[in-house]
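Hi everyone, thanks for making time this morning. Let's bring the model up on the screen and walk through a few of its features together.

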Amino acid sequence: HTTAQKQRITSTFEDTIACEMEGAAIGHVCYVNGTPCAILRAISDGGDEQAAMDYPTFLAKAADTATRVMLRFVESYEG
């Protein structure tokens with residue numbers, strides 16, 4: 001978004017480190033229905049005009065990291 005919007009969010013919500021909505025909605029539906037859930041998210045930028053890398057570069061890095069995390073999780077699951 002913009003620096004002004006980011007400042008509004010961080011001043012409204014004390015100790016904010018990220019703003020995320022989609023995973024919260026999924027988590028709430030799972031909670032209400034008694035279904036276990038885990039959300040893995042990656043933060044692509046700081047929420048303002050100062051992105052450190054372009055989205056295609058970020059996407060490749062995030063996909064690789066998410067794949068490695070999920071493989072380790074599945075390999076270590078003892079369900």
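**Salt bridges, a pocket and a patch**

Let me begin with Arg 68, which counts as partly exposed because its relative accessibility is 47%; buried here means under 20% relative accessible area, exposed over 50%, and partly exposed in between, with a 1.4 Å probe and protein chains only. Before going further, a word on the source: this is a predicted model, local features need pLDDT of at least 70, side-chain atom pairs count only at pLDDT 80 or more, and totals for chains, interfaces and linings use all residues. Residues are numbered from 1 along each chain as its sequence is written, and side-chain values use heavy atoms, with hydrogens and water left out.

So, what does Arg 68 form a salt bridge with? The partner is Asp 64, and their closest N and O atoms are 3.1 Å apart. By salt bridge I mean a side-chain nitrogen of Lys or Arg within 4 Å of a carboxyl oxygen of Asp or Glu. Both residues lie in helix α3, 4 residues apart, which is about one turn of the helix. Helices here are DSSP runs (H or I, at least four residues), numbered from the N terminus. Asp 64 is partly exposed too, at a relative accessible area of 41%.

How many salt bridges does the structure hold? There are 3. Let's turn to Arg 41. Glu 20 pairs with Arg 41, and the closest N and O atoms are 2.5 Å apart. Glu 20 sits in the loop between α1 (3-12) and α2 (22-32), while Arg 41 is in the loop between α2 and α3, so this pair ties together parts that are 21 residues apart in sequence. Arg 41 also meets Glu 22 in a salt bridge, at 3.4 Å from N to O. Glu 22 belongs to helix α2, so here the parts tied together are 19 residues apart in sequence.

Ile 43 is exposed, at 60% relative accessible area.

Now for the second largest pocket, which has a volume of about 160 Å³. A pocket, on a 1 Å grid over the protein atoms alone, is an open set of points where a 1.4 Å probe fits, with protein on both sides within 12 Å along at least five of seven lines; lining residues have an atom within 4 Å of a point. The volume is the space filled by probe spheres set on the points. Arg 41 turns up again in the lining, which also includes Leu 40, Phe 58 and Val 69. The lining residues divide into 7 nonpolar, 1 polar and 1 charged.

Last stop: Leu 40 and Val 69 are also in a nonpolar surface patch with Met 70, Phe 73, Val 74 and Tyr 77, and together they have about 610 Å² of accessible area. Patch members have over 30% relative accessible area and no salt bridge, and nonpolar side chains are joined within 5 Å; the areas come from the Shrake-Rupley method with a 1.4 Å probe. Val 74 is in helix α3 (residues 55-76), and Val 74 counts as exposed at 56%.

Technical notes: Patches are made of residues with over 30% relative accessible area and no salt bridge: like charges are joined within 9 Å, nonpolar side chains (Val, Leu, Ile, Met, Phe, Trp, Tyr) within 5 Å. Helices (H or I, at least four residues) and strands (E, at least two) are DSSP runs, numbered from the N terminus. Ala, Val, Leu, Ile, Met, Phe, Trp, Tyr, Cys and Pro count as nonpolar, Asp, Glu, Lys and Arg as charged, and the others, Gly among them, as polar.
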